[in-house]
Amino acid sequence: MSDEIESLMKANLHEVFGERDPLRRAAAVERTYTDDVVFADPEKIVVGREALNAKAQRLLDEAPDFVFAEGGPIFVNHDLGFLAWTFGPEGQAPVVRGMDICLVESGLIAKVYTIITP
């Protein structure tokens with residue numbers, strides 16, 4: 001299960017929140033999350049694949065030159081995955097740092113908690 005969760009964590013960061021092509025992102029959303037996925041960040045909580053996809057689109061639209069990068073290794077504890085990340089202009093110091101903690105159920109991410117860190 002560890003490899004499965006690691007793959008899902010990478011997909012969440014790179015194939016969904018880091019993917020600017022709407023069609024590729026939508027396909028990744030379908031294969032990464034449960035239908036009723038819950039995404040919670042400091043701004044709000046959204047529920048469902050469509051809402052999560054829209055959240056990712058808004059984030060990318062607001063920062064057109066920014067990219068996500070992994071901020072360290074992925075840690076797994078049973079059905080939980082943890083991944084630190086950075087967000088900022090490619091090749092420059094990150095503007096935002098954070099972490100995602102994901103709960104996996106039946107091979108898909110059911111909950112994503114995003115925390116912004118200093």
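**Talking through a predicted model**

Me: Which residue of strand 6 stands opposite glycine 98?
Reply: Happy to start there, bearing in mind that this model is predicted. Strand 5 (residues 96–105) and strand 6 run antiparallel and are joined by nine bridges. Within strand 6, the residue opposite glycine 98 is isoleucine 116.

Me: Which residue in the hairpin of strand 5 and strand 6 takes a positive phi?
Reply: This hairpin has two residues between its strands. The positive phi, near 55°, belongs to serine 106.

Me: Strand 6 also pairs with strand 1, so to speak; which residue stands opposite valine 38 there?
Reply: Here strand 1 and strand 6 run parallel, with four bridges joining them.

Me: Why do the buried residues of helix 2 lie on the same side of the helix?
Reply: Good one! The buried residues of helix 2 (residues 22–32) are Arg25, Ala28, Val29 and Thr32. They lie on the same side of helix 2 because the arc they cover around the axis is only 105°.

Me: What reaches the backbone nitrogen of leucine 23 at the start of helix 2?
Reply: The contact comes from a side chain, and its oxygen lies within 3.1 Å of that nitrogen. The residue that supplies this oxygen is aspartate 21.

Me: Which element gives the most to the largest nonpolar core?
Reply: That core has 24 residues, and Val16, Phe17, Tyr33, Leu52 and Ile109 have the most contacts inside it. Among the elements that give two or more residues are helix 2, helix 3 and strand 4 (80–89). The most, six residues, comes from helix 1.

Methods. Residues are numbered from 1 along each chain as its sequence is written. This is a predicted model: local features need pLDDT of at least 70, side-chain atom pairs count only at pLDDT 80 or more; totals for chains, interfaces and linings use all residues. Side-chain values use heavy atoms; hydrogens and water are left out. Buried means under 20% relative accessible area, exposed over 50%, partly exposed in between (1.4 Å probe, protein chains only). The arc is that of the directions from the helix axis to the C-beta atoms. A polar contact is a pair of N or O atoms within 3.5 Å; within protein, one must be able to donate a hydrogen and the other to accept it, and residues adjacent in sequence count only if both atoms are side-chain atoms. Two strands pair if DSSP finds at least two bridges between them. A nonpolar core is a set of buried Ala, Val, Leu, Ile, Met, Phe, Trp, Tyr and Cys residues joined through side-chain atoms within 4.5 Å.
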